[in-house]
Amino acid sequence: MADQAAAMPLQSKDHKTLMDIIDKLRSKGINRYVDLPQIVVCGDQSSGKSSVLQAISGMSFPTKDSLCTRFATELILRRTDEQSGERCNVSITPGTDRSAEEKARLKQFQYSEIPHEHDIGALVDEAREDMGVGGERGRNFCKDVLRIEISGPTQPHLTIVDLPGLFRAGNKEQSDEDATIVHELVRSYMQNPRTIILAVVSAQSNFALQEVTKLARQIDVRGDRTLGLITKPDTLDIGSASERDYFDLAQNRDVKFRLGWHVMRNRDFRSRNATNEERDLAESEFFNRGIWTGLPRSQKGAANLRTRLSEVLKDQIIAQLPEVLDEIQRGLEDCTSRLERLGTTRRTIVEQRKYLLNASHQFSILVTEAKDGFYRDKFFGSARDDEGRRKRLRAVVQNTLTDFSHEMRLNGQARQIVESISKGNPKQVLRAEYLKEVKDLMRRTRGCELPGTYNPLIISELFHEQCTPWRSWLEAFSDKIFHAVEFTVNAALSHILDEDTKVKLWGELISDALDQLNRQLRNKVNEILRPHEDGHPITYNHYLTENVQKIRSNRFRENLMRGLKEAGVGNGFPSTSIQQCLDAVVRHTEADMEALSCSDAVDWMEAYYKVALKEVVDDFSKLAIEACLISKLPGLFTPEIVYELSEDTVYRITAESPEKAEERKFLTEKMEILSSGMMELQRLSKHHQRASNAEDDTIIESAGEFVTVSRRTQSSRSEQFTPSEAERSLSPASEPPIAPRPAPTPPPLESEVDFEEQPASLKYEQVSEAPAEKEDFWASLGTSMMKKDKRKKKKGKVVEEPEPEPEPEPSKAEYDDWAMAKPSRNIDF
């Protein structure tokens, strides 16, 4: 029978409390959502990993020389009380590459009995058969995981993972593709920052050729959580260069890890059936001779490996506790957010309508803030992000309408009438050419008007032609703003509702409402454009006549300047007579009354175009976009609308699908587990605070010496102190001088310690006999988890402070009230 007590050193008494907390978290299933520290044994094929695992856990793993591990095996050891007895649960977690049928079949693999003599090998063989790996079964390696959970009063709180061995080249039993599968599997476990990597290196081959050390250094660059393990040292020739190389490696002189190296002798083929005690005895005899006697005892042997791993695992747990807490907090926030979108359970019509009423209220608030430009809710996110920018509807509308005004001003007219054409603008036309077109048009539309005058309808025709692009611009910017509205509405609903309910609500209610708003918007655009496209130019804005006067004045001024320059006026006194100047000016005055009428009609058309352009820009912004679309958005989904919905409609929108019900169940279970884990960590913090308060010492100064009084032990220790001459003169004459005590003998330096004479648990054995001198476990949590020691100094005789009254234990109700009120983020590790 396997030696069950072999694994017990991993449960050190000094960190029992911490391991109990981790065990509670693991037993509640929190490791499904938060990675907890574990030990991963990895190495090349046939490096002795399974034998190492057996030595650590006391369990029998398959160790045949010709048999390699084909899949990951998670061994979860959990301690229970004496009354519970031992239990075993074995299951298979299918890999992601399995089909739905294969996953269903593998999940049916269940084993709930303690294996005979704790021989896990039989279970591994059964699992291998079900997974169909090895031999003629179709695949050599798989991503499935064999999960073995054993609980009992003699088990430690520990997770051990045995992984397939790494290899590079394939053979008849394993291909190159299998090498990639194994590499990815091992890498996925090693990349977990809370995993202790036990890198196993076999002394049977050159360690430089073994891939595990390279992979460990790539993933754990600083080597903070990697412990190297040399196996099969008995296969090295005594006195050989290879033996010296591996001895140097064990001393951390070659491949360096912060946790160093360890050496362990494996069972060979002849001693494969030996018990754990026989194996340990043979190992001890081997390390007590030859070059290996030069290694400290704490770095060799299976027994010392258990103790060493216990310390490494404890330190890893302590270092990772703050990150575990943060990850739990993030998980709780994610669950809360997703459950808020799912809402409360919706079985009855009352619950369903209540859910929609609450959602409609939130929607109205969000959309109102979006259209008014008050971006206070977390829904809007950061304005620096593209999504956050698009959710700010008021900003999007304002910027879009500004672009609309700019485009209409520059590109709104069908033809740009200019005095001189610039390159690259096909819309430009010379004024002289345009006047010829207008003259021809006036002849075709001539009525009963006198010569030199024109039909007023010609201005309407010219304007209708000039404002032709307006419709395309208004429709384009209408679509652009409507798409922005759709995005904001969809984002708001996604923020409030789950995806399934949002899709149903969109189909039943929101889509039709948005289509109606879009139709109203288009109708308003048509209404705005109709007078300009079909009707007569009508305006009572004085800006029209002012524009005409300005145009005429500018043209008269230009003609006058050309005539004066022709007459020589411009540089000093004129060289010609006044009559000559007047003749030159008259020559630049239009004499053709028909041409003058054309120019006058064009001037009136351009002046009216400017007035109409401003009117259209304002009407589109105010009457179309704001009045017909933006202002009506909060009314898309209101409590009043929900109240008037029929029961059938409410049911179609809010009835949960089986998938959503399962998601709610999953999130609720996850939140309960994470909340329970958070409470356990709060209790850990509270326990630590009480422990640190009990460690407060008082240092009292007394005529030539310092005496430290500990409330915890009521013992004292003195440090030598020689009073100065001035202090002697101040002491009373009646009191005899106090002879200084001899200084205590300091402990030997680390270099002076005989490692061969030290026990395996060196850290816990090198302590003084006084209980107060023993290293307290909670001190290992670091200064961030300990209060500063309070030291008081008082000159005079030694005074021992009385033992403070113990703080009364709070009741469960008081603790629950405190836990609910205290923010979880304030826990300091």
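Colleague: Leaving aside neighbours within four places in sequence, which residues is Gln 466 in contact with?
Modeller: This is a predicted model, and Gln 466 is found in helix 14, residues 457-466. Gln 466 counts as buried because its relative accessible area is 6%, under the 20% cut-off. Beyond four places in sequence, the contacts of Gln 466 are Gly 412, Gln 413, Ala 414, Arg 415, Met 605 and Tyr 609.

Colleague: What distance separates the C-alpha atoms of Gln 466 and Ala 414?
Modeller: Ala 414 is among the residues in contact with Gln 466. The two are 52 residues apart along the chain.

Colleague: Where is the kink in helix 19 centred?
Modeller: Helix 19 takes in residues 593-628, 36 residues in total. From first C-alpha to last it reaches 49 Å, close to the 52 Å expected at 1.5 Å a residue. The helix still has a kink of about 30 degrees, and the kink is centred on Asp 619.

Colleague: Are the residues of strand 1 buried or exposed?
Modeller: On one side of strand 1 are Gln 38, Val 40 and Cys 42, and on the other Ile 39, Val 41 and Gly 43. Both faces are covered. The strand, residues 38-43, is largely enclosed by the rest of the structure, because 6 of its 6 residues are buried.

Colleague: Which residue in strand 7 is the bridge partner of Gln 38?
Modeller: Strand 1 and strand 7 (residues 195-202) run parallel and are joined by 6 bridges. In strand 7, Gln 38 has as its bridge partner Thr 195.

Colleague: What is the phi of Ser 46?
Modeller: Ser 46 sits in the loop between strand 1 and helix 2. Ser 46 counts as partly exposed because its relative accessibility is 45%. Most residues other than glycine have a negative phi. Ser 46 is not a glycine, yet its phi is positive, near 60 degrees.

Colleague: Which residues is Lys 232 in contact with, leaving aside its neighbours within four places in sequence?
Modeller: Lys 232 lies in the loop between strand 8 and helix 7. A relative accessible area of 18% is under the cut-off of 20%, so Lys 232 is classed as buried. With sequence neighbours within four places left aside, the residues in contact with Lys 232 are Ser 46, Ser 47, Gly 48, Ser 202, Ala 203, Gln 204, Met 264 and Asn 266.

Colleague: What handedness has the β-α-β unit that strand 8, helix 7 and strand 9 make?
Modeller: Strand 8 (residues 226-231) pairs with strand 9 in the parallel sense over 4 bridges. In this pairing Gly 228 stands opposite Trp 261. With helix 7, residues 241-250, the two strands make a β-α-β unit that is right-handed.

Colleague: Which residues point the other way from Trp 261 and Val 263 in strand 9?
Modeller: Strand 9 covers residues 261-264, and all of them are buried. Trp 261 and Val 263 point one way, and the other way point His 262 and Met 264.

Colleague: How far apart in space are Leu 259 and Gly 228, C-alpha to C-alpha?
Modeller: Leu 259 lies in the loop between helix 7 and strand 9, and is buried because its relative accessible area is 15%. Not counting residues up to four places away in sequence, Leu 259 touches Gly 223, Asp 224, Arg 225, Thr 226, Leu 227, Arg 308 and Val 312. Leu 259 and Gly 228 are 31 residues apart in sequence, and their C-alpha distance is 7.8 Å.

Colleague: What is the phi of Asn 252?
Modeller: Asn 252 is also placed in the loop between helix 7 and strand 9. Asn 252 is partly exposed because its relative accessible area is 22%. Asn 252 is not a glycine, but its phi is positive, at about 65 degrees.

Colleague: Which residues does Lys 107 touch, not counting residues up to four places away in sequence?
Modeller: Lys 107 is in helix 3, residues 100-107. Lys 107 counts as exposed because its relative accessible area is 52%, over the 50% cut-off. Its C-alpha is 7.0 Å from that of Ser 91, which is 16 residues away in sequence. Beyond four places in sequence, Lys 107 touches Ile 92 and Pro 94.

Colleague: What percentage of the residues in the chain is buried?
Modeller: The chain contains 25 helices and 14 strands. Its accessible surface comes to about 44700 Å², with 51% belonging to carbon and sulfur atoms. Of the 829 residues in the chain, the buried ones make up 44%.

Definitions and conventions:
Residues numbered from 1 in each chain as written. Predicted model: local features only at pLDDT ≥ 70, side-chain atom pairs only at ≥ 80, totals over all residues. Heavy atoms only, no water. Buried < 20%, exposed > 50% of the residue type's maximum accessible area, 1.4 Å probe, protein only. Pairing = 2+ DSSP bridges. Right-handed = clockwise from strand over helix to strand, strands pointing away. Areas by Shrake-Rupley, 256 points an atom, 1.4 Å probe, with all protein chains shown as cover. Expected span 1.5 Å × (residues − 1). Bend = angle between axes of the 7 residues up to and from the residue. Contact = heavy atoms within 4.5 Å.
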